[in-house]
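Please have a look at the structure before reading on.

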Amino acid sequence: MSNPESLATPWPSLHVSSHPAVLHKLAILRSTATEPKKFREVVRELSWLLGYEALADARVRPFEIETPLEPMVASQLADRIGLVPILRAGLGMVDAMLELMPTAQVWHLGLFRDERTLRPVEYYNKLPDSATVDLSLILDPMLATGGSATAAIEVLKRWGAVRIKLINLIAAPEGVAAVSAAHPDVEIYCAALDRGLNEKGYIMPGLGDAGDRQFGTGR
Ligand code: PRP
Ligand code: URA
(Lines give C-alpha, C1' and ligand atoms only; values in the text may rest on other atoms or scores of the structure.)
(Ligands and ions follow the chains in the order given, each with its own letter.)
Protein backbone atom coordinates (compact mmCIF):
# COMPACT_ATOMS: atom_id res chain seq x y z
CA MET A 1 0.00 0.00 0.00
CA SER A 2 1.62 3.26 -1.07
CA ASN A 3 0.52 6.20 0.95
CA PRO A 4 1.53 9.49 -0.65
CA GLU A 5 -0.08 11.45 2.18
CA SER A 6 2.19 9.99 4.83
CA LEU A 7 5.41 10.61 2.93
CA ALA A 8 5.58 13.52 0.55
CA THR A 9 8.66 13.34 -1.66
CA PRO A 10 9.82 15.33 -4.69
CA TRP A 11 9.82 12.17 -6.83
CA PRO A 12 6.52 11.23 -8.52
CA SER A 13 7.99 7.86 -9.56
CA LEU A 14 8.73 6.80 -5.97
CA HIS A 15 6.34 4.55 -4.01
CA VAL A 16 7.24 4.03 -0.37
CA SER A 17 5.15 1.39 1.33
CA SER A 18 3.47 2.35 4.57
CA HIS A 19 1.90 -1.05 5.22
CA PRO A 20 2.23 -2.06 8.89
CA ALA A 21 3.45 -5.55 7.94
CA VAL A 22 6.22 -3.96 5.87
CA LEU A 23 7.24 -1.64 8.71
CA HIS A 24 7.30 -4.52 11.20
CA LYS A 25 9.44 -6.75 8.97
CA LEU A 26 11.77 -3.90 8.10
CA ALA A 27 12.68 -3.47 11.77
CA ILE A 28 13.72 -7.14 11.90
CA LEU A 29 15.77 -6.75 8.75
CA ARG A 30 17.65 -3.70 10.00
CA SER A 31 18.55 -5.08 13.43
CA THR A 32 22.11 -6.38 13.89
CA ALA A 33 20.55 -9.12 16.07
CA THR A 34 19.01 -10.72 12.95
CA GLU A 35 21.05 -13.72 11.74
CA PRO A 36 21.41 -14.60 8.01
CA LYS A 37 18.71 -17.31 8.10
CA LYS A 38 16.10 -14.93 9.49
CA PHE A 39 17.43 -12.11 7.31
CA ARG A 40 16.86 -14.18 4.16
CA GLU A 41 13.37 -15.09 5.33
CA VAL A 42 12.44 -11.44 5.85
CA VAL A 43 13.99 -10.36 2.54
CA ARG A 44 11.71 -12.92 0.91
CA GLU A 45 8.62 -11.75 2.80
CA LEU A 46 9.23 -8.06 2.09
CA SER A 47 9.90 -8.80 -1.57
CA TRP A 48 6.53 -10.53 -1.82
CA LEU A 49 4.74 -7.54 -0.29
CA LEU A 50 6.52 -4.98 -2.48
CA GLY A 51 6.11 -7.15 -5.56
CA TYR A 52 2.39 -7.35 -4.88
CA GLU A 53 2.22 -3.54 -4.92
CA ALA A 54 4.46 -3.16 -7.97
CA LEU A 55 2.39 -5.58 -10.02
CA ALA A 56 -0.93 -3.90 -9.29
CA ASP A 57 -1.11 -2.47 -12.82
CA ALA A 58 0.08 -5.57 -14.68
CA ARG A 59 -2.23 -6.30 -17.59
CA VAL A 60 -4.70 -9.17 -17.64
CA ARG A 61 -6.82 -10.64 -20.43
CA PRO A 62 -10.18 -12.41 -20.20
CA PHE A 63 -10.42 -16.17 -20.68
CA GLU A 64 -13.15 -18.72 -20.21
CA ILE A 65 -13.20 -21.29 -17.43
CA GLU A 66 -15.85 -23.50 -15.89
CA THR A 67 -16.51 -23.45 -12.19
CA PRO A 68 -18.33 -26.49 -10.73
CA LEU A 69 -21.54 -24.44 -11.17
CA GLU A 70 -21.25 -22.60 -14.50
CA PRO A 71 -18.92 -21.25 -17.17
CA MET A 72 -17.48 -17.80 -16.56
CA VAL A 73 -15.01 -15.33 -17.99
CA ALA A 74 -12.02 -15.05 -15.67
CA SER A 75 -8.73 -13.16 -15.99
CA GLN A 76 -5.23 -14.32 -16.72
CA LEU A 77 -1.99 -12.41 -16.75
CA ALA A 78 -1.32 -10.92 -20.17
CA ASP A 79 2.04 -9.26 -19.53
CA ARG A 80 5.16 -11.34 -19.93
CA ILE A 81 7.02 -10.49 -16.73
CA GLY A 82 10.80 -10.47 -16.48
CA LEU A 83 12.53 -10.56 -13.11
CA VAL A 84 16.01 -9.09 -13.19
CA PRO A 85 17.83 -9.74 -9.91
CA ILE A 86 21.09 -7.84 -9.47
CA LEU A 87 23.72 -10.29 -8.20
CA ARG A 88 24.38 -10.97 -5.49
CA ALA A 89 21.95 -9.35 -3.12
CA GLY A 90 18.97 -9.38 -5.49
CA LEU A 91 19.00 -13.19 -5.56
CA GLY A 92 17.16 -13.34 -2.25
CA MET A 93 14.19 -11.53 -3.78
CA VAL A 94 13.61 -13.92 -6.67
CA ASP A 95 11.76 -16.81 -4.99
CA ALA A 96 9.09 -14.56 -3.51
CA MET A 97 8.51 -12.87 -6.85
CA LEU A 98 8.23 -16.25 -8.55
CA GLU A 99 5.60 -17.25 -6.01
CA LEU A 100 3.62 -14.19 -7.08
CA MET A 101 4.26 -14.66 -10.80
CA PRO A 102 5.15 -18.32 -11.44
CA THR A 103 5.44 -17.82 -15.20
CA ALA A 104 7.95 -14.96 -14.95
CA GLN A 105 11.27 -15.21 -16.74
CA VAL A 106 14.39 -14.62 -14.64
CA TRP A 107 17.32 -12.78 -16.20
CA HIS A 108 20.34 -12.37 -13.92
CA LEU A 109 22.57 -9.33 -14.07
CA GLY A 110 25.89 -9.31 -12.21
CA LEU A 111 26.94 -5.89 -10.96
CA PHE A 112 29.11 -5.01 -8.00
CA ARG A 113 29.98 -1.63 -6.65
CA ASP A 114 33.67 -0.75 -6.71
CA GLU A 115 34.41 0.04 -3.05
CA ARG A 116 36.70 2.95 -3.92
CA THR A 117 34.84 4.70 -6.74
CA LEU A 118 31.33 3.44 -5.80
CA ARG A 119 30.80 2.91 -9.55
CA PRO A 120 29.05 -0.29 -10.74
CA VAL A 121 31.12 -2.96 -12.48
CA GLU A 122 29.23 -5.40 -14.73
CA TYR A 123 30.47 -8.99 -14.54
CA TYR A 124 27.54 -11.13 -15.70
CA ASN A 125 24.92 -10.58 -18.39
CA LYS A 126 23.36 -13.33 -20.48
CA LEU A 127 20.35 -11.45 -21.80
CA PRO A 128 19.31 -12.67 -25.25
CA ASP A 129 19.61 -10.30 -28.23
CA SER A 130 16.21 -8.68 -27.86
CA ALA A 131 13.65 -8.20 -25.12
CA THR A 132 11.41 -11.21 -24.41
CA VAL A 133 9.20 -9.55 -21.78
CA ASP A 134 6.64 -6.74 -21.56
CA LEU A 135 7.36 -5.66 -17.99
CA SER A 136 10.78 -5.90 -16.33
CA LEU A 137 11.18 -5.80 -12.56
CA ILE A 138 14.70 -5.05 -11.35
CA LEU A 139 15.26 -6.65 -7.94
CA ASP A 140 17.90 -5.25 -5.60
CA PRO A 141 17.51 -4.74 -1.84
CA MET A 142 19.54 -1.51 -1.77
CA LEU A 143 19.36 1.72 -3.78
CA ALA A 144 22.33 3.76 -2.51
CA THR A 145 24.07 6.08 -5.00
CA GLY A 146 21.82 4.70 -7.72
CA GLY A 147 24.81 3.71 -9.86
CA SER A 148 23.94 0.00 -9.99
CA ALA A 149 20.24 0.62 -10.65
CA THR A 150 20.98 3.16 -13.39
CA ALA A 151 23.42 0.76 -15.04
CA ALA A 152 20.83 -2.04 -14.88
CA ILE A 153 18.13 0.17 -16.39
CA GLU A 154 20.47 1.18 -19.21
CA VAL A 155 21.26 -2.47 -19.96
CA LEU A 156 17.54 -3.28 -20.06
CA LYS A 157 16.68 -0.31 -22.26
CA ARG A 158 19.44 -1.25 -24.73
CA TRP A 159 17.93 -4.76 -24.68
CA GLY A 160 14.59 -3.26 -25.75
CA ALA A 161 12.70 -3.27 -22.45
CA VAL A 162 10.00 -0.59 -22.46
CA ARG A 163 8.26 -0.94 -19.11
CA ILE A 164 10.70 -1.18 -16.24
CA LYS A 165 10.10 -1.02 -12.48
CA LEU A 166 12.70 -1.04 -9.74
CA ILE A 167 12.01 -2.90 -6.49
CA ASN A 168 14.26 -2.10 -3.54
CA LEU A 169 13.87 -2.76 0.15
CA ILE A 170 15.67 0.40 1.30
CA ALA A 171 16.41 3.48 -0.78
CA ALA A 172 18.54 6.56 -0.13
CA PRO A 173 17.41 9.97 -1.42
CA GLU A 174 20.64 10.21 -3.44
CA GLY A 175 19.82 7.01 -5.32
CA VAL A 176 16.19 7.93 -5.92
CA ALA A 177 17.27 11.35 -7.22
CA ALA A 178 19.85 9.81 -9.57
CA VAL A 179 17.50 7.16 -10.99
CA SER A 180 14.51 9.46 -11.37
CA ALA A 181 16.60 12.19 -13.05
CA ALA A 182 18.08 9.75 -15.58
CA HIS A 183 14.97 7.56 -15.99
CA PRO A 184 11.78 9.34 -14.88
CA ASP A 185 9.73 6.62 -16.60
CA VAL A 186 10.98 3.94 -14.17
CA GLU A 187 8.80 3.58 -11.07
CA ILE A 188 10.57 2.76 -7.84
CA TYR A 189 8.94 0.65 -5.11
CA CYS A 190 10.58 0.45 -1.71
CA ALA A 191 9.85 -0.29 1.93
CA ALA A 192 11.75 2.72 3.29
CA LEU A 193 13.35 5.96 2.19
CA ASP A 194 16.25 6.43 4.58
CA ARG A 195 18.16 9.54 5.66
CA GLY A 196 21.08 9.42 3.23
CA LEU A 197 24.52 7.95 2.53
CA ASN A 198 27.57 7.96 4.77
CA GLU A 199 31.09 8.74 3.49
CA LYS A 200 31.51 5.12 2.34
CA GLY A 201 28.29 5.14 0.36
CA TYR A 202 26.30 3.08 2.88
CA ILE A 203 22.67 3.90 3.48
CA MET A 204 21.98 5.40 6.93
CA PRO A 205 20.50 4.01 9.09
CA GLY A 206 20.09 1.22 6.50
CA LEU A 207 20.85 -2.39 7.30
CA GLY A 208 24.53 -2.70 6.39
CA ASP A 209 25.66 -4.77 3.42
CA ALA A 210 22.62 -6.62 2.09
CA GLY A 211 24.68 -9.27 0.29
CA ASP A 212 26.90 -10.02 3.28
CA ARG A 213 23.94 -10.18 5.65
CA GLN A 214 22.06 -12.64 3.43
CA PHE A 215 24.99 -14.90 2.71
CA GLY A 216 26.90 -14.67 6.01
CA THR A 217 29.99 -13.20 4.37
CA GLY A 218 30.39 -10.07 6.51
CA ARG A 219 33.67 -9.55 8.34
C1 PRP B 1 24.91 -3.51 -3.32
C2 PRP B 1 23.42 -3.55 -3.58
C3 PRP B 1 23.30 -2.81 -4.87
C4 PRP B 1 24.37 -1.76 -4.77
C5 PRP B 1 23.72 -0.46 -4.40
O6 PRP B 1 25.56 -4.46 -4.07
O7 PRP B 1 22.92 -4.85 -3.62
O8 PRP B 1 23.49 -3.62 -6.02
O9 PRP B 1 25.25 -2.18 -3.70
O10 PRP B 1 24.63 0.56 -4.40
P11 PRP B 1 24.58 1.76 -5.44
O12 PRP B 1 23.19 2.25 -5.49
O13 PRP B 1 25.53 2.78 -4.85
O14 PRP B 1 25.08 1.25 -6.76
P15 PRP B 1 27.14 -4.74 -3.92
O16 PRP B 1 27.93 -3.93 -4.87
O17 PRP B 1 27.53 -4.61 -2.47
O18 PRP B 1 27.29 -6.23 -4.40
P19 PRP B 1 26.76 -7.60 -3.75
O20 PRP B 1 25.28 -7.65 -3.98
O21 PRP B 1 27.48 -8.63 -4.53
O22 PRP B 1 27.11 -7.62 -2.29
N1 URA C 1 24.88 -1.65 -0.66
C2 URA C 1 24.51 -2.27 0.50
O3 URA C 1 24.44 -3.50 0.55
N4 URA C 1 24.22 -1.51 1.56
C5 URA C 1 24.28 -0.17 1.53
O6 URA C 1 24.01 0.48 2.56
C7 URA C 1 24.68 0.46 0.33
C8 URA C 1 24.95 -0.31 -0.75
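1. Let me begin with one residue. Setting aside neighbours within four places in sequence, S47 is in contact with M93, A96, M97 and L169. Please keep in mind that this is a predicted model. S47 belongs to helix α2, and a relative accessible area of 0% makes S47 buried, the cut-off for that term being under 20%.

2. Where does the side chain of S47 reach? The side chain goes to the backbone oxygen of V43, at 2.6 Å.

3. The largest nonpolar core has 35 residues, and the members that touch the most others are L29, L55 and L137. At least two residues of this core come from each of α1 (20-30), α2 (36-54), β4 (81-87), α3 (94-100) and β8 (135-139). Which of these elements gives the largest share? That is α2, with six residues.

4. Leaving out neighbours within four places in sequence, L29 is in contact with F39, V42, V43, L46, L169, L207 and R213.

5. Strand β6 (residues 109-113) runs parallel to β4, and two bridges join them; I86 stands opposite L109 in β6. With strand β7 (residues 120-125), β6 pairs in the antiparallel sense over five bridges. F112 has V121 in β7 as its bridge partner.

6. The hairpin of β6 and β7 has six residues between the strands.

7. Elsewhere, three strands form an open sheet in the order β9-β11-β13, with parallel pairing. β9 (142-143) and β13 (192-193) each have a single partner strand, so one side of each is left without a neighbour in the sheet. Strand β11 (residues 170-171) is joined to β13 by two bridges, the two running parallel. A171 has L193 in β13 as its bridge partner.

8. Finally, the ligand site. Around ligand 2 you will find R113, M142, A144, G201, Y202, I203, G208, D209 and A210. R113 is also within the range of β6, residues 109-113, and M142 is within that of β9, 142-143.

9. Which backbone atoms come close to polar atoms of ligand 2? A backbone N or O atom of I203 lies 2.8 Å from an oxygen atom of ligand 2. A polar backbone atom of G208 is 2.8 Å from a nitrogen atom of the ligand. For A210, a backbone N or O atom lies 2.9 Å from an oxygen atom of ligand 2. Taken alone, ligand 2 exposes 240 Å², and the protein buries 87% of that.

How values were computed:
Residues numbered from 1 in each chain as written. Chains lettered and ligands numbered in written order. Predicted model: local features only at pLDDT ≥ 70, side-chain atom pairs only at ≥ 80, totals over all residues. Heavy atoms only, no water. Core = buried A, V, L, I, M, F, W, Y, C linked by side-chain atoms within 4.5 Å. Buried < 20%, exposed > 50% of the residue type's maximum accessible area, 1.4 Å probe, protein only. Helix = DSSP H or I, 4+ residues; strand = E, 2+ residues; numbered from the N terminus. Contact = heavy atoms within 4.5 Å. Near = heavy atom within 4 Å. Polar contact = N/O pair within 3.5 Å; in protein donor to acceptor, adjacent residues only side chain to side chain. Areas by Shrake-Rupley, 256 points an atom, 1.4 Å probe, with all protein chains shown as cover. Pairing = 2+ DSSP bridges.
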